[in-house]
Amino acid sequence: MTFAVGIFDLFSFAVPGAVQLSLLVYVLDRLGVLHVAALTSAPGALLVAGAVVASYLLGHLFHPLAGRLDRLRPRQDAEEARKEFIARVPQARDRAYVQVDPALLVAAAELHDKDAAGEIVRMRAQSVMLRNIAFAFTLAAVVALVQTATGPHRVVAGAAAALSVLGAAGALGSSRKVWHMSRRKTLEVCYWVPDIDQTFTAETPTAG
C-alpha cells in the first residue's frame, strides 16, 4: 500500500497544519494538559510521523474556516485577470477560451503540457497555503490576546498578538495576489494550446 502526498496537499494542508499544530501544543502545554518534555522522550521516528499526520489532518480540519476568513473581504475575480491579460495580449480578445471557467482551462493546460500546468497548480497551492496560514496567524493572535489579559509576560504576548495580526493580513493579501497571478498564467499557457478555441466554441458560462 502506497501513501503519497502531492504538492497541492503539502503546500495547502501540511504546512499550515504544522503551524496550527505548534499553536495547539503551546496552548495545551500552557493549560497543563500536555507536557512538551514528555513528547520529546518519544522515539524520534514516531514523533516525526505523528507530527506529519497531525499537521495534515489539522490542515484539512481548518481549511473550511480559512475559506470563510478569506470571504470576509471581496477579492479580485476572474474577470479582472481576463482584462489584464487582454490588455497585454490584445490579439486574444476575441478568442473563445478567454471567457471560459478558469478551472476548465487548468484542466486543458494539464492535458496539453503537464509541466506548464504544474506551475499553475503550484501557484494555486501556494495561494491556499498562505490563506490557511493567515487563519493560523489569526488563531495565534487570539491566543496572544488572551495571554495578554491573563498573563504572565503581557508585554511579550501583546507584541506577539500585534505581529500575528500583521502576519495574518500579509499572508491573506499574498494569497489573493498569487491566486490572481495563477489565473493570468492559466490564460497565458492556454494561449498556446492547439485547437482550444474549437473546444470551447459553444457558449460556456464564465466564473468569478
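Serine 174 is found in helix H7, a helix being a DSSP run of H or I with at least four residues, numbered from the N terminus. At 34% relative accessibility, serine 174 counts as partly exposed, since residues are called buried under 20% relative accessible area, exposed over 50% and partly exposed in between, with a 1.4 Å probe and protein chains only. The C-alpha atoms of serine 174 and glutamine 126 are separated by 9.4 Å, although the two residues stand 48 positions apart along the chain. The model is a predicted one, in which local features need pLDDT of at least 70 and side-chain atom pairs count only at pLDDT 80 or more, while totals for chains, interfaces and linings use all residues. Residues are numbered from 1 along each chain as its sequence is written, and side-chain values use heavy atoms, with hydrogens and water left out.

The protein as a whole contains eight helices and zero strands, and from the N terminus on its elements run α-α-α-α-α-α-α-α. Of its 208 residues, 36% are buried. The accessible surface comes to about 12200 Å², and carbon and sulfur atoms hold 66% of that area, as computed by the Shrake-Rupley method with a 1.4 Å probe, where for residues only the protein chains shown count as cover. Among the contacts with a separation of 6 or more, 81% join residues 24 or more positions apart, a contact being defined by heavy atoms within 4.5 Å.

Two packed helices are described by the angle between their axes and the distance between the axes. Helix H6 (residues 114-150) packs against helix H7 (residues 154-190) at an angle of about 165 degrees, and the two axes lie 7 Å apart; axes here are lines fitted to C-alpha atoms, for helices over the stretch in contact, and angles run from 0 to 180 degrees between N-to-C directions. The angle therefore makes H6 roughly antiparallel to H7, given that angles under 35 degrees count as roughly parallel, over 145 as roughly antiparallel, 65 to 115 as roughly perpendicular and the rest as oblique. By class, the contact of H6 with H7 has 23 nonpolar, 13 polar and five charged residues, where Ala, Val, Leu, Ile, Met, Phe, Trp, Tyr, Cys and Pro count as nonpolar, Asp, Glu, Lys and Arg as charged, and the others, Gly among them, as polar.

Alanine 161, in helix H7, is buried, with a relative accessible area of 4%. When residues up to four places away in sequence are not counted, alanine 161 touches Ala141, Ala144 and Leu145.

Helix H7 also meets helix H5 (residues 102-112), and the axes of H5 and H7 come within 9 Å and cross at roughly 45 degrees. The two helices are therefore oblique to each other, and their crossing is left-handed. On the side of H5 the contact is made by Pro102, Leu105, Val106 and Ala109, and on the side of H7 by Arg183, Thr186, Leu187, Val189 and Cys190. These residues divide into seven nonpolar, one polar and one charged. Glutamate 188, likewise found in helix H7, is partly exposed at 24% relative accessibility; not counting residues up to four places away in sequence, glutamate 188 touches Phe85 and Arg88.

Most residues other than glycine have a negative phi, and most peptide bonds are trans. Histidine 153, in the loop between H6 and H7, has a positive phi of about 55 degrees although it is not a glycine, and histidine 153 is exposed, with a relative accessible area of 55%. Aspartate 195, placed in the loop between H7 and helix H8 (196-199), has a positive phi near 60 degrees and is exposed, at a relative accessible area of 53%.

Elsewhere, serine 55 is found in helix H3 (residues 44-70) and is buried, with a relative accessible area of 6%. Leaving aside its neighbours within four places in sequence, serine 55 is in contact with Phe13, Ala14, Gly17, Ala18 and Leu21.

Terms used: Left-handed = near helix turned anticlockwise from the far one by under 90°.
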